[in-house]
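Me: I am new to this structure and would like to learn how to read its features. Please take them one at a time.

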Amino acid sequence: MIKIFKLLQIVLLSSFGFLGLLSSASAEMTPAGQEALVKAGETMYQHRCRVCHSNDMKHPSYGPPLKNILGRKAGSVTGFNYSDALKNSGIVWNEEKLREWIKDNKSVMPGTRMRHVGITDKTEQDFILTFLKHISK
Ligand code: HEC
């Protein structure tokens, strides 16, 4: 019996560890905290991204729509005229790549058509990433 309990404990601990890796910012956060983060993210998105990006797949604006960006292959929205650099980058967008991109997209990908964006503050990056995750569900 004790053995089984131990085993259960190990399984539980390791799966929590895994969840922690998946969402480091929200492991202990309450739903209200999470909601606040998403709102902060939306505010940042409105200021820094919305002028060029809608999140409506049917009505792209100057930039490609960012709905479901997490896990999406770069340059893959049909009908959007991407630069060769982005189309051929081989990137699959994950949190780390998106963080690098919004920090300094022109260095990450010299041939991109996206104007330089330089969000260097880690908290502001977190806000935007939370929002991008939110519209990727
Ligand atoms: C001045 C307009 C403009 C702004 C501001 C802008 N973008 Fe972009 N973005 C673009 C364009 C244009 C592209 C396509 C670039 C290419 O084809 O090289 C793009 C591409 C992207 C891509 C790749 C999408 C894909 O389908 O692979 C991501 C991710 C992205 N932008 C995120 C952001 C985020 C997040 C912000 C705000 C922090 C932002 N962009 C701000 C114009 C903009």
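Me: Which helix gives the largest share of the lining of the largest pocket?

Reply: On a 1 Å grid over the protein atoms alone, a pocket is an open set of points where a 1.4 Å probe fits, with protein on both sides within 12 Å along at least five of seven lines; lining residues have an atom within 4 Å of a point. Helices are DSSP runs of H or I with at least four residues, numbered from the N terminus. Here the largest share of the lining, 3 residues, comes from H4. This is a predicted model: local features need pLDDT of at least 70, side-chain atom pairs count only at pLDDT 80 or more, and totals for chains, interfaces and linings use all residues. Residues are numbered from 1 along each chain as its sequence is written, and side-chain values use heavy atoms, with hydrogens and water left out.

Me: How much space lies in the largest pocket?

Reply: A volume is the space filled by probe spheres set on the grid points, which are joined across faces, edges and corners. For the largest pocket that is about 540 Å³. Among its 29 lining residues, His53, Gly63, Pro64, Trp101 and Met114 are the closest to the centre.

Me: Where does the ligand sit?

Reply: A molecule sits in a pocket if more than half of its atoms lie within 2 Å of the pocket's grid points. The ligand sits in the largest pocket. Of the 28 residues around the ligand, Cys49, Cys52, His53, Ser83 and Met114 come nearest.

Me: Which residues have a polar atom 2.5 Å or 2.6 Å from a ligand oxygen?

Reply: A polar contact is a pair of N or O atoms within 3.5 Å. Ser83 has a polar side-chain atom 2.5 Å from a ligand oxygen, and an N or O atom in the side chain of Tyr82 lies 2.6 Å from one. Arg113 uses a polar backbone atom, at 2.9 Å from an oxygen of the ligand.

Methods
Near = heavy atom within 4 Å. Polar contact = N/O pair within 3.5 Å; in protein donor to acceptor, adjacent residues only side chain to side chain. Helix = DSSP H or I, 4+ residues; strand = E, 2+ residues; numbered from the N terminus.
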